[in-house]
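Try each task yourself, then read the solution.

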Amino acid sequence: MYRRDLITAEIERLAQVLARIMGLKLDGDFAKASDLFNETMAQSFLLPSTILDNQNLDAFKNWLTKSNLSAEKLDSLSEFLFYELGTNAERNQIIAPKLNLIYQVLAEQHKIVHLVNFHRQEIIQQYL
């Protein structure tokens with residue numbers, strides 16, 4: 001029960017950070033939004049920007065396997081990455097395959113499938 005409470009609190013905190021990032025983007029403060037995004041990737045998900053920004057999907061696959069994130073944390077990561085799409089075409093080409101991989105891990109390893117994720121996978125196809 002205690003572990004579940006910690007996970008729930010972490011997910012709520014991440015949702016607040018994501019809302020803040022989206023608010024900064026809406027206000028046109030893309031630099032602060034990017035800084036907060038990168039900081040969150042590094043601190044909350046232990047995902048270095050060198051791996052996230054790398055075109056090489058194998059490096060991300062390796063990180064994903066080693067990170068052993070819970071299903072809830074993977075779902076939160078997918079939220080952050082999904083809202084990173086649309087920034088620019090080059091960024092989309094880097095993020096979209098990683099997002100697909102996360103959805104695949106959620107479905108195959110954790111047996112978690114969301115209708116929202118199905119819809120997002122359809123959207124992601126336009127970036128691939």
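**Exercise 1. Find which residues lie nearest the centre of the largest pocket, and describe its lining.**

Start with the residues. This is a predicted model, and its largest pocket has a lining of 13 residues. Lys25, Phe30, Ser34, Glu84 and Thr87 are the ones nearest the centre.

Next, see which element gives the largest share. That's helix H2, residues 30-44, with 5 residues of the lining.

Now sort the lining by class: you get 5 nonpolar, 4 polar and 4 charged residues.

Finally, the space: the largest pocket holds about 210 Å³.

**Exercise 2. List what lines the second largest pocket, and say which helix gives the most.**

Begin with the names. Lys61, Leu64, Thr65, Asn68, Leu69, Leu74, Leu101, Val105, Gln109 and His110 make up the lining.

Then look for helices that supply at least two residues each: H4 (57-67) and H6 (89-108) both do. H4 gives the most, with 3 residues.

By class, this lining has 5 nonpolar, 4 polar and 1 charged residues. The space in the second largest pocket comes to about 170 Å³.

**Exercise 3. Work out how H4 and H6 cross, and which residues make the contact.**

A quick reminder before you start: two packed helices are described by the angle between their axes and the distance between those axes.

Take the distance and angle together. The axes of H4 and H6 come within 10 Å, crossing at roughly 35°. As for handedness, H4 passes H6 in a right-handed crossing.

Now pick out the residues in contact. H4 brings Leu57, Phe60, Lys61 and Leu64, while H6 brings Pro97, Lys98, Leu101, Ile102 and Val105.

Sort them by class and you find 7 nonpolar, no polar and 2 charged residues.

**Exercise 4. Step back to the whole chain: how many helices and strands does the protein chain have, and how compact is it?**

Count the elements: there are 7 helices and 0 strands. Read from the N terminus, the order is α-α-α-α-α-α-α.

To finish, box it in: along the principal axes, the C-alpha atoms of the protein chain fill roughly 40 × 30 × 25 Å.

Key. Residues are numbered from 1 along each chain as its sequence is written. This is a predicted model: local features need pLDDT of at least 70, side-chain atom pairs count only at pLDDT 80 or more; totals for chains, interfaces and linings use all residues. Side-chain values use heavy atoms; hydrogens and water are left out. On a 1 Å grid over the protein atoms alone, a cavity is a set of points where a 1.4 Å probe fits but cannot get out, and a pocket is an open set with protein on both sides within 12 Å along at least five of seven lines; lining residues have an atom within 4 Å of a point. Grid points are joined across faces, edges and corners, and a volume is the space filled by probe spheres set on the points. Helices (H or I, at least four residues) and strands (E, at least two) are DSSP runs, numbered from the N terminus. Ala, Val, Leu, Ile, Met, Phe, Trp, Tyr, Cys and Pro count as nonpolar, Asp, Glu, Lys and Arg as charged, and the others, Gly among them, as polar. Axes are lines fitted to C-alpha atoms, for helices over the stretch in contact, and angles run from 0 to 180 degrees between N-to-C directions. A crossing is left-handed if the near helix is turned anticlockwise from the far one by less than a right angle, and right-handed if clockwise. Contact means heavy atoms within 4.5 Å.
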